[in-house]
Structure formats: C-alpha cells, structure tokens
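Hi,

Here is the structure I promised to pass on.

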Amino acid sequence: MSARRNPAMDQVAIVGLGRSPYARDRKGCTPGSLVSEACVDAIRDAGLGPADIDGICGSMVSAQWIQAALGIPGVAWFANPQAVIGNQITAAVAAVSSGMADTVLVYHHAYRLPWASRSAAKDPMRRRATLGVADARSWWGTGHNDTGPNSLYGAPAYAAWAGRYLHDYGYTRETLGLIAINSRTNAARNPNAVYTEPLTMEAYLDGRMVRDPLSVYDMDIPIDGADAFVITTTERARDLPRPPVLIHAATLGHTDYGSEEQLRDLDHAGQMVVVDRLWAKSDLTLADVDVLYPYEGFSNIALSWIENVGYCGRGEGGAFVADHWVEAEQRIMIHGRIPVNTHGGSLSEGGTQGAGHLHEACLQLRCDAGARQVDGAAVALVTPGGYYFNSQGILLRSDDT
Amino acid sequence: MTDEELLDAFPGVRIDADNAAWHRGLLERRLLVNRCDDCGRWHHPPRPLCPACWGRSITHTEVAGDGFVVLVTALRQGPPQPGVDYGDGGHALVAVELDEQPGLRLAGTVVGTPTAEIRVGDRVRALWRDIPGRLPRADFEIVAGAAGTGRVAGGEGASR
C-alpha cells in the first residue's frame, strides 16, 4: 500500500457545471429548490439527460430526493457524505474509476441558517431548520454538544487559531486584510459574486469586529445558492460537448486531532495530510500550477494553504502574500503570473464551502471564465476546507496539457 | 441523580452514556475528565475508549482546572446568554491546556480580566460561578502575577 498509488489519475473528468446563482437573500428558496436548479443546469451543460445519470453524490439534500425531483430513472450508486465538496468529489471519482457508476451527479448548496445571518435568524422556517441545536454537528453524535458563547466548536476556533497565527509569527491584521482585498478585487469581474465594490485596507481595518482578530471582511458571506458537477470517465468525456476537466489527483486529509480546540497546533492540521498525499499521487508539481484556489471562508485559512502547498515555509504565508502583492492591481499574483481565487472566493463571491472555488477552477480550465479568464490556464489547484475534519486537495488539468 | 434528572438539568444538550459523567461532574462543580486505567493517558471530549491504547476501562477522574491559555478570541456578537456580554471588548473565549497532560484542553471564558488583556500563555485556574439561567460549567480566571508564564513557545509553531 503506497500513498503514491493513483490508478484514477486523469481517468475521471468533470464534464458539466451547474449553478443556482448566489444571492444574499433568495426569498422563498429551499435547499431542494437551490440544488435542483444547479443539477438541471449541470446535466444540460454536459449535453446529457436524466437517463444518462447512474450515480448521485451530494451533501445535505439526499440523493433519493434529488433523483425523484429530477426524474432520474435508474441510479446504481449514491452517497451523501458530509460537506465540504472534496468529500463528494473523491467519492464520485472512486465510484467512476471503479465502475460502480459511469456518470455521477455531484452537488452542494448553501442555505442561510439562523446562525449564519441576521436576516435568516428572523425567518421562523429557517430557525426551525436547526431544530434548536446550537451546533448542527451535535446531530451527528460527534461529541460536539457544548453550545454557544463558551464553546470553540466551529467558527470561533478559526478566529482563535487566526489570533494564534498572528501571535506566533508576529503579523498584524493587515496580513489577513490582503486575503480579503484580493478576493474582493477578483470578484469585480465575476457576475456571480455578491460583493463587488472595491475594498481598501483602510475600510478593511475599520470592519466590524466579529470574533477577534476576524472582522466581517475575514468571514465568508452567507448566501443562498448551489453548485453541481457532472463527473464521468475521461474516455466518455471526450465525446461530450464541453472541454473535459481532468481530475489528476484528489485527496482528503484528517488528523486524529479532529475537533477545533484539541488540534495540537497549526503544524499538525489536516492540511499537512492533504499536501503530503496530493503531491505523492501527482505527476504534476507546484511549478505547473497556473491558477490557485485556497479556501478562505476565514481569511487565515488561505495563508495556511499557501504555506502548506509549498510556496513558502510555515508561518511565512503572510510575508509571501505581501511579497507577491501587486499594488496597482490590488491582488496577489504569485511569481507575477498565478492569480489566487480569481472568482472572489467565499469572502466576496459567496460562501459555499469550496464548491464555488471548484466551479471557478473548472471554468478557467475550460477557457470559459469570461472577463477574468487567465490566458493559458491548464492546471488548477483547489484546496477546500480548513484545519480539522475538512481539509481537502483537488488537482485539475485541462485535457491538452 | 437519575439519568432523567441529568437530562432535565441540561435541556437541549445531547447527553449520552459516553459523556454523562462529565455533565454529572459539572453539576457537582468538579471537572471529571476521562483517564485510561491501562495507560494513564487523559482524553477530552469524552469518548468510549482511550485513543492512545484503545483501552476501554476509563475512569472519570477529577482534574484541578489549572493550566494556561493556548487560544484566545473575543466574541463581539452571538446568541444572548445569561452572564455573557458581547460589548466592551467582547466576550472572552479561550482554550485552556490543562497541567495534567500536554494537549488536554477545555474551552471556556475568562472572568476578572478585560478581554483585550488576555494573552496566549497566561496561567489560569478554573472558577465556578452560579449564573441563573445558564447551564452549569466551569469558567477560568488568570492567576495573579502569572500572566504570560505558560509553556507556550512563540514562533516556529513550537507549542510543544
């Protein structure tokens, strides 16, 4: 058994992209309405119909629900791994490459729950959706049953680890601000982004503090929206209308310190497992990457990803971003050529836990990204998730590299 | 106390056989942390086996509640809760590494010190307060004259 083994390399491709447009407040939407819109869009984009889908792999909305809603006549394989998107992608790759299914529909949605936004908290139907449990993960019996303002489970721990990062390496909030400004600058060229007005460092530093040292500008934007992907064999993909996006390598990464405040330190996070595995399974290297998608649902996560994928050493991410900051463009251009989160990321396009990052990476590799298309983009590195149970890496390439 | 009385004491909390002892301890103002009878290692939150040696003989063992701050943030907003003030620098939320074992941590708040003055490395001890309407839990206070004396090394990610 070797971490290098990767019989699925380039054998499975993303052939359809679909979306339910992101919005700050979609009146009258449900998780089902969002996901079904994205799924229909993705299947049509792939040039396929319901009878062509024989596998379904989504996040919270059940595979059975989506199958019935879309009238998909026969499904041979299905799964509903928990978020975030790399869980669905790796499961779908395994299903297709093993022959469990030929063509898999993958989806994920964001539906603002009461803890995610104030307007959502005023909606009685959204309040009921959490069944009165403060941390939704307590449903799963993972031991996460401490609640409210005295628990580090979930979002507060990201703020605490952000503070620890600044403390350990001597950075200030300006370091985090560059990640937020980069996302906002790139969002200006993305019609799907919910926030597109420019963000200055002065405005960033004046941002309303939510959990020190993270302000509103450091935290993903709650939205209603969904993404869907159609995944099949590369062989079949070459007969379909869209340029295939090949999944070169994909991995998840956990450590045994799976809950937030128990994480030993940022040197023993799930990201380290991801990066070790991903590069071992790949024939490509970091030097081949043309576009980079580090998740930034909290701004500090992106700094950790930039370090851990190999651009610089641990704790050097802040300095690296400052060194590769293009002042005239107000964004990061690594080595003058590699943009980061070209769609505006979770901080400006809208928070969909990395699904939006994956969608954008596919658009870039299909040369379908409109005004923000990166010339010659052939290899994309997508790293969804944070530090604990959700670190993931997906290395994508176009078919002609 | 019966299981039903325990459940009634923690409305809305997912109490089960694996974490009941921890919650019973909170009602008695004791921090009862899982310790393995075979290898002596502690773990938290409570699980049905020892992650270090897979031993299933666990004793819920009282810890002193002494330790140091490894993580700190200030919550500027959140759900209303008795005893919690999100204004004036925010509600302090910390992870405390207990002296019993490296990596053994509890989360909670720090009282008696302005939130902005709490630092990684500060020595703390557990403190019990009666706050009507709040579920029983331990808080922490900074040990006078011992700010910043914890075992945390800065830089190089070297918290060990």
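Predicted model: local features only at pLDDT ≥ 70, side-chain atom pairs only at ≥ 80, totals over all residues.

Residues are numbered from 1 along each chain as its sequence is written, and chains are lettered from A and ligands numbered from 1 in the order in which they are written.

As for the scores, chain B averages a pLDDT of 88, with 90% of the residues at 70 or above. The model has ipTM 0.83 and pTM 0.91.

Now for how the chains meet. On chain B, 33 residues are in contact with 35 residues of chain A. β4 (66-75), β5 (91-98) and β6 (105-108) of chain B each supply at least two residues of that side (strands are DSSP runs of E, at least two residues, and helices runs of H or I, at least four, numbered from the N terminus). β4(B) gives the most, with five residues. By class, chain B's side has 13 nonpolar, 15 polar and five charged residues (nonpolar is Ala, Val, Leu, Ile, Met, Phe, Trp, Tyr, Cys and Pro; charged is Asp, Glu, Lys and Arg; the others, Gly among them, are polar).

Chain B itself is divided into domain 1 (1-63) and domain 2 (64-151), with bounds from an automatic or database domain assignment. Their centres, taken over C-alpha atoms, are 21 Å apart. Between them, 10 residues of domain 1 of chain B are in contact with 13 of domain 2.

Over in chain A, the axes of helix α7 (residues 173-187) and α11(A) come within 9 Å and cross at roughly 95 degrees (axes are lines fitted to C-alpha atoms over the stretch in contact, and angles run from 0 to 180 degrees between N-to-C directions). That makes α7(A) roughly perpendicular to α11(A), a label for angles of 65 to 115 degrees. A:L176, A:I179 and A:A180 of α7(A) meet A:S299, A:N300, A:A302 and A:L303 of α11(A). This contact has five nonpolar, two polar and no charged residues.

Cheers

Methods. Contact = placed C-beta atoms within 7 Å. pLDDT = per-residue confidence, 0-100. Parallel < 35°, antiparallel > 145°, perpendicular 65-115°, else oblique.
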